[in-house]
Amino acid sequence: MSRKRPNRRLVAELQWAADTPVDTLQDKQIVALYQLLRDATFGNPSASCLSPVGEYNMRLGVIKELRPDLVATHQESACVVEGHPAVIEAGVCLGGRDAKPGITVYRFANRIPLLFEGGGDVATVVSKKRIAWANYKIRHTQDKIGVFVSLVSTKVPFKGTGKEYIGDDIPEVREAVKRAIEKCCLQLKAKIVKQRALADEREKKKNLTKYIPDVSRALIGMMSQLAEAGGEAGGGRQRARPRDAEHDALLEQVRSKRLKEEDLSEKLRVHVETCDAANALETVEAGKRGARLLLQDLYLSPLDEATELLPEVQHPLFALKLHARALHAERA
């Protein structure tokens, strides 16, 4: 697009003199001017004059006032509404002080809260009818959801003379509000999935720990019966199922009362703790792997295949075979 001012660009396209009086225009010139204005395109107005709240300040305000369990904020890029620049910001929180189950919408226009006629506002309509909350692991009828929408513009498109709400009939505003809320929900979804995974692990550990006494009692009873049956059979009769030395040693400990129910319970409890720690470490490592780029196998073959190679060196990340002459060179 030309860097000229719009009026000068239009006059240059019409090939008129810049000082042409309006009252001297002919009918054909007026028609040409109308067609040009109808088809002309203008650049978007700059949003540098606007002063949005900002994601950081919005997050701090939500945390200060509501103290929610989770909070996410997002600022959309500047858009044009009825020829005026506009910036839309959104925040979504879960839980909080004095929060009620369901969706509660907080609306702001040029940093001023809108308190009345919220039922027809674009923020309310989009939040309650156009967002698929279930896709983001959020139960919109049970969870305590707070939705914050702020619109900053040189001309806020209010509906009615009261200037208390923004209508849902402006596509640019409606789509920007929906995108901003969905971006917040995506952030919350990642946090919710992690929290639920940790909660499942805690519940699993709790259930395993709960049944340790019953399992220990059952195992001790079963091994006691096996030990007594083996003692009665004596060494003359061949056993129906051979057991290795470790099993025989375990049955001997049960027979001699060296292995008790309390000892077995303690071993099971230690095993559960070890597995829990291993799962936690595996989760951390999986997160690190997911944050890195996907690794690909890399194969390096020697230039001379007839060269003698040393034994293969195994490593968790690679396997390596060195040239035999590399070892000779090091010794030299």
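Is Tyr106 buried, partly exposed or exposed? Tyr106 is partly exposed, with a relative accessible area of 30%; buried means under 20%, exposed over 50% and partly exposed in between, using a 1.4 Å probe and protein chains only. This is a predicted model, in which local features need pLDDT of at least 70 and side-chain atom pairs count only at pLDDT 80 or more, while totals for chains, interfaces and linings use all residues. Residues are numbered from 1 along each chain as its sequence is written, and side-chain values use heavy atoms, with hydrogens and water left out.

**Aromatic pair**

- The model has 1 aromatic pair, where rings of Phe, Tyr and Trp (its six-membered ring) pair if their centres lie within 6.5 Å, and planes under 30 degrees apart count as stacked, over 60 as edge-to-face and the rest as tilted.
- Tyr106 and Phe148 form this pair, which is stacked, at 4.6 Å centre to centre with 10° between the planes.
- Tyr106 lies in strand S4 and Phe148 in strand S6, 42 residues apart, and the pair links distant parts of the chain.
- Helices (H or I, at least four residues) and strands (E, at least two) are DSSP runs, numbered from the N terminus.
- Phe148 counts as buried, at 9% relative accessibility.

**Cavity**

- There is 1 cavity of 30 Å³ or more; on a 1 Å grid over the protein atoms alone, a cavity is a set of points where a 1.4 Å probe fits but cannot get out, a pocket is an open set with protein on both sides within 12 Å along at least five of seven lines, and lining residues have an atom within 4 Å of a point.
- The largest cavity has a volume of about 50 Å³, a volume being the space filled by probe spheres set on the points, which are joined across faces, edges and corners.
- Its lining includes Arg107, Phe108 and Asp121.
- Strand S4 (102–109), helix H4 (122–129) and strand S6 (144–153) each give two or more residues to the lining of the largest cavity.

**Second largest pocket**

- The second largest pocket has a volume of about 260 Å³.
- Of its 13 lining residues, Met58, Gly61, Val62, Phe108 and Phe148 lie nearest its centre.
- Helix H3 gives the most to this lining, with 7 residues.

**Thr124**

- Thr124 is found in helix H4 and counts as buried, at 11% relative accessibility.
- Leaving aside neighbours within four places in sequence, Thr124 is in contact (heavy atoms within 4.5 Å) with Val105, Arg107, Gly118 and Gly119.
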